[in-house]
Structure formats: structure tokens, C-alpha cells
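Please read this short report with the model open beside you.

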Amino acid sequence: MLLHLLREDLRHFRWPLVMWCAVVAAEAVATAVAPQTAGNEPLYAAVSTLGWVLYDALLLAMLFLVPIIVQAHPAVGSEAFWLTRPVPRQTVWLEKSVLLGAFMVVVPVAAQMILMATSRIPFAEAVRVATETAVARALLVAALMAFASTTASLPRFALALAAAVGAFLVWAVGSITLMELRGPSEPPAAVALPHLPNTMLPVYLELGLAVGLVLAAALQYLTRLRRIAVPAAAIAIVASFFGVDYLPEVRPPAPPTWTASTDRGRLVMRSPQLTFDRASAWPEGRDAWGGAVADIGVSDLPGGWIAELTLLDGSFTRPDGTTIEGRGFGSSLAGTSSMSFTPSSLLAMRELLGVERVVMRLPGSEGRVPALYARAADLQTAASATGRYQGRFAVSLTRLQVVRVLPLRTGAAFQDGSYRFTIADLDTAMGRSLRAGVIRASSALDSAPAPTFEFCARNRARSEAVLGWLTSASGYVPGIPGVSFGTFSRTGLQMEAADVVFQVPASEETPSITLDAAWFSQADLVVIRETFDGVIVRTLDVPHVRLDVR
Amino acid sequence: MSAAIETTGLVRRFGRTDAVNGLTMTVPEGSVFALIGPNGAGKTTTIKLLMNLLRPSGGMARVLGADVRRLGPAELRRIGYVSENQRLPDWMTPAQLLRYCRAFYPSWDAALERRLQASLGLTQNARLRSLSRGTRMKVALLASLAYRPELVVLDEPFTGLDPVVRDELIRALLDASGDRRWTVLISSHDVDEVERLADWIAFLDAGRLRFAEPTASLLARFRRVEVVSDDPGLASRAAAHPRWIVEGIAGRTLRFVDTAHDEPDAARGVAATFPGADIRIASMPLREIFIALAGPTPPGVQEVV
């Protein structure tokens, strides 16, 4: 029966489905070709634009295809032919789910798998990326299927969908407006424990919603009663949002073994001073909170490691025994961050690259980290006081490794796991940038955050290196806002052109290096992998610290 | 006599309207049972309730022994259903529709299919959406008879069809049944065709069943009576009779319908009511009975039920 229904639907919708597959294939080809054309600016713009247009066309096609396929055997009303035939309702629901799943989920995911295979992405990573894509697509199909199964025609489907989107927008705008009207009553939430953002959470949520919505569609087919199916869908949505918190989350990778020694990675307050800037207090009024900063560093890190500090809690005790109790401060640990280079990381880079002078795009301001986050009134009361400072910090560790040294010429390429980089063009006239084809695949299902890569132009003869700035070359993306789901995700498969720009900032702190064609002719390209390698907790206890208020 | 369909106090409400109101009815197995009644009487709603296309608001109904709320594939394999309101898969050609349906029925009779196809003159190979209404109904009927169902449910199958197509449909239905008597439940406005087909008639009005009885008994029961007399109290005497439906009085002539003329001494009762009058009693075709019942309700008509 299932096969019979499938055959009939396939025959009925053969042309739309053939078109669908053709567009999926065309989109995959455009995606695959895009990084190959990175060296040809107009061609790359045309191919990447075509890819985005096809991607959006596929999403819009889903809005049309899902309802017409579902409503060929409507689950509402009393006039449908199939309702008076001996066709089990659950079989019709299953047939629709299989058909939509095969074409709307499996076909695009298979295309993505082929793309990843041809790009030599490791199979395990490709499976994780494909699984994540499948879950996201399944959610969209399930939502459309739920709407389609509770409406009798395409116009009603469109109306219901528009009403739901409208209701969501009203709710979102209303919530934001209410929050604005009420104003802030609490300081920003503090970090209680070092943790990574739960990358699994959106996947769990998508999966929960998809399963809930498909089951709601099943209920509609079984009962043909919207008064049962619609509340069931609402319950599934609410349950998914609340349920995800109870599911396991990704734990940060175990810190390296050297962290077992408390001599390594010790916290050091270079200057016994806490500085509180009253202007930084927030929110305004009596309940304002503020952070006093201090010059704190991490000592005795092994070579190639850099650290980033996040305050967990801190206190300041005056000689009379009065204590200012602080709380944690800072956002959650987002893993490696190429923006966080500091003088110590400059040192690490020098060691890695084997040069004396390194120019980094952000010279850094190491040491000025929030060390005591407390009520502004308490901090002001203790102005100019000297006391004992105790703090507890999460120290997130990042490992830097040179993974490849490439000649600075077109065609030079390297692949590290699921990251592939090919130099497509060198700006020899200006001598300051290169265009590359970049392919990367990462997934929220990865057990550890994907490494990031830095690119350094290094001139050994002059013992100089300049850290490049990697930016996507896709300046204009003709995506449809709110429809091109997945494009805002940091995970997934990306195949694009990127520019690596080498610049020497005009700053007293940076060495004076003249980047010209002669400099680049002697240079090579050093690829550095940054790997987030865990979080350790370190404490700092300084008996005599002065609290300055400005 | 066992029942193919049985309802007890069946109710279906739409908002505050009772489309079907306490319907208690039995369709005998092997009968051709016609549901007639004016527009909005509840015929289509009743049939949808019996086919589990609508859920009853109250009461009980059984079709082929199964509670209609649980009517599933096993029962639907034994039921053929054709309705003027049905949304056929109009992207299919007749041949495709038959192929589509064939897979659902182990009892599909290919020989009967061919015979019906020939008798209905179904040779078109265009999509259903481009076929005439009559041809679509023929295809629907063929797709509902070829597996030899035990119960055939026809909801207004003749509406909007020309007499030739109606005749073809009826002949196909009779031809398909062959020696074996199927139970047929048919709702129709077309009382002439119903009279040809049905051996049981049920009359629905405003969701209520006025009567259900064998056609022969119904035709025997109803008589048109014309009374010609100088008596000025003709109308009032007729109106006082609980089983008579007064149709009107013109000059010296009173016309009414006797709804119980099959009772013993009915003719004598008429004569006794109008002594000395000139009385003509004529049998009534179903069409006239329908019009008499479906017209403005005269006093005492509820007694007819």
C-alpha cells in the first residue's frame, strides 16, 4: 500500500520533483564551482550569486511543494476521494513523510555529501555536517507539513503560515517593546562556571520540534481533527523549548596534562592595583554594577599556548574586615578567538614563526581584565582603600601550531582535516593581499570546537612576519532575510572565496615593516592552527591591593 | 431481516444547528434504500456520518456491523461510495484512477470493470478535470462497483445529469449487481429515478426522519383525494383529520392527500367525512408524494411520521 501510494504520488508530481532535483544539483554545482573561480572576480561573483539564488529558490519551492504534495490527500474536510477508500490513514501520513523526507531532506543532504566527498572532507565530519543539515531541513519540512495537513488548500496554507509568522513577529516585537519599557532591573547575567556554548542545543531543539510537528501532522491524519492536532503541535513546540535544557551538552575538551601542575599557568597580578571607572557602571541608578580591572597575566605557559581569562568571582577585603563580594563577569567562553592576541601571544607567535618582529592586527591590551565585579556603590565607598584581593578565574587555553608553510604563489594549497585552502590569486601589484578558495566543514555535533586558522606572511631573511586578516570575499549575498536558514550558522559546509589581507597598522607599538613586492617575493605563507584546548580554573590571592576609583 | 445500516438517535450539530437530529433508521440488507427530502434536510450529512467523513455529535450508527466511528479499511473494502461533492483526484485519467483504486481491493473484478466500462461508454483518456460531469460520475461509479461492494452509497449521483446519463448509471448499477442483491443507499432529489430504483424510501426533513418504509407500502399509503361538494365546511373537516394533508380548495373542489389510505376502511372514512360529495381518489407517483411532503407543512402533518 505504501509503495502504491508512493508510486502514484511520484507519478503525479514527477515534473515538480524532477525540477526540484535539477535545482538541487545546480545549486550544488554552483557551490562546488564557486571556490574554483575565486581567482576570477566577475566569474566568482556570478557563480556565487547563482548559488544563493538557487538556494533561495529551493526554499521557496518547498513552500509550494510541501502543501501540494500533502494536500493531494487532504487530512481535513470530508470530500477527499481517498477518505472513502480502504487506505489506512497512518499509511498516507507515512507515505507523505517518506516522500517529503526523501526529496526535501535526503536529496539535498546527499548532494552536500557528494560535495564534501569531492572536497576531501573526512567522512566522519561529513556525516556530522550532513546530520546537522538533515535535522535543520527536517524541521522546515515538518513545520510546512504540519501547516499543510491542517489546511485544505494552498491559499489556506499560505494564510495559516502568514498568520503564524505574523503572530510570531507580533510576539517578538511585543516582548522586545515590553523589555524596553520596563528597562533593565538586573546587571548582566554572570558566568557561574566555565562552560562552552551548548552547540548541541539548537540541534536538539530542531530535532524536538521536527519530531513534534511530524507527529502533530500524524495526529491530524489519524483524527482529522484540528482541535487535537493544533494543540498537540503547540505542546510539542513548548516541550521542545523546555526539554532541551535537560539534554546533555557538549563539555569542553579536557585540559592538557601540564595544567595539573599549579606552577604552570599561574595567575600573576603585575601591578597591585584595581581600577574602577565610574562611567562603566551599569545600569544607571542606585543598583548600578561595575567592574574593577587589574593587570593580570598567566605565567609559565608552555610554548605555543595562549590563555584568556574570565572572572568567576572575586572579593576585596579591607583591613577592618569589610568585604566587597563580587560575582563573575564576562560572556561564556566561546573557544578560540583570533581577536584576542595579547603581548604574550605575540611572544608565542614569535617563537612559532622563528622571527624577531611580528605585526598583528590587534596589538592587544593584555592584563586589563575585569577582576572584581560588584555594586558600584560598594566600589566607590572603598575608593583608595588598600586590602586583600582574592579572585577565581576561568582560564581558557588555546594552542597555536604551525601546520603548513606554503609558497606564496597561485595554486599552493593545504588541507587540515575539514579545512581546505587554495591560493587562487596574488595581488602582486599591491603586494598586500591574496585571494583563496576556502572549503570548511564543521558541525554542532563535533566533540570539540573546530580549529580556526591564521595566515602569516613571513620573510625569514628580514626576520619579519605579518599576520593576515581573513575575510569572506562574498560582499553581497542575495539571500532572502529570514528564509535562508543555515546561512547565519557558523557550522555546516562553506565553500567560498576569501581574501587574506596583510596590513601594518600605523601604531607606535607595531614594528615598522614596509610591505612591498620585494618583501613578498622573499616571503612564504605560514598557516597556524588555533585549537581551543580546554578550560582550567585558577585562583589569585594578593594581600595588598589598592582600589582606585576614577 | 438483518440490517446493513442501523442508526439510533444519531445527531450531528454544526454550531447551533442540528443538521441531523435524533435519526433512528434501519437499512435492510439487500435493499435499495432511498433517502429523500428537501434541500438542507440532512441527507448528505447523514451519509457523511455513515461513511465516517463526519463525526456524530451524539447517537450511534453501525454500517456493515461496525461502529461508524471506527469504520476502517476492512469495512471500506466492502463499501462503494459515490458523491456529487467528492473531490476526485482530477489529475488522473479514468484508466489511472482505476489502476489507483484496483490496488486497494483484493476483490477487484477486472471482467466486471471491462463490462461496466463498455456499458458506460468510458473510452476517454483525458484527465478527469477536463471531462464532463456525467463522465466523471460514470468513472466514480465504475471505481466504486468493480470490486463488488456489499454496500453502495450514492449521494446525489444524478444531480445535473441528463436523462441519458442517468439511465446509463442506473443500468450500470443494476448490471453490476447481477444476481447478487447489493444494499444500496441513495440520496437524491431525483424522485423519478429513485422510484425506479428504490424498494425502500426514507423521508428526511430538517434533520428528522419523517418516515422510512418500503416503496410499495408508501405508494399504497398515499392517495390524492378530490372532493367536489357544495358543503362550505369541506376544508375545516379535512384539516381536522390527522392523516390528511390539505393541498387547497378551489371553488367547490377540495384537494388533499390521504397519507394512510392503506388502512382498512380508509375509503369509507373519506366517504363518511364528506357525505353526498363527489369523491375521486387517485394513486400518486413518488414525485407528487415528495412535493406534498416537502411543501409548506400543513397542520397535523407531524402525525405522518
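The report starts with the numbering, then turns to the contact and the strands.

Residues are numbered from 1 along each chain as its sequence is written, while chains are lettered from A and ligands numbered from 1 in the order in which they are written. This is a predicted model: local features need pLDDT of at least 70, side-chain atom pairs count only at pLDDT 80 or more, and totals for chains, interfaces and linings use all residues.

**The contact**

Chain A gives 13 residues to the contact and chain B gives 18 residues. Two residues are in contact if their C-beta atoms, placed from the backbone, lie within 7 Å. The side of chain A that touches chain B has six nonpolar, four polar and three charged residues. Here Ala, Val, Leu, Ile, Met, Phe, Trp, Tyr, Cys and Pro count as nonpolar, Asp, Glu, Lys and Arg as charged, and the others, Gly among them, as polar.

**The strands**

Strands (E, at least two residues) are DSSP runs, numbered from the N terminus. Two strands pair if DSSP finds at least two bridges between them.

| Pair in chain A | Sense | Bridges |
|---|---|---|
| β2(A) and β15(A) (residues 524-549) | parallel | four |
| β2(A) and β3(A) (residues 289-299) | antiparallel | two |
| β9(A) (residues 413-416) and β10(A) (residues 419-426) | antiparallel | four |

In a regular strand the side chains alternate between the two faces of the sheet. In β2(A) (residues 273-276), Leu274(A) and Phe276(A) point to one face and are buried.

Thr275(A) has Asp548(A) in β15(A) as its bridge partner. Phe276(A) stands opposite Ala292(A) in β3(A).

β9(A) and β10(A) form a hairpin with two residues between them. Gly417(A), in the turn, has a positive phi of about 60 degrees. Asp416(A) stands opposite Tyr419(A) in β10(A).

Technical notes
A residue is buried if 20 or more other C-beta atoms lie within 10 Å of its own, exposed if 12 or fewer, and partly exposed in between; C-beta atoms are placed from the backbone.
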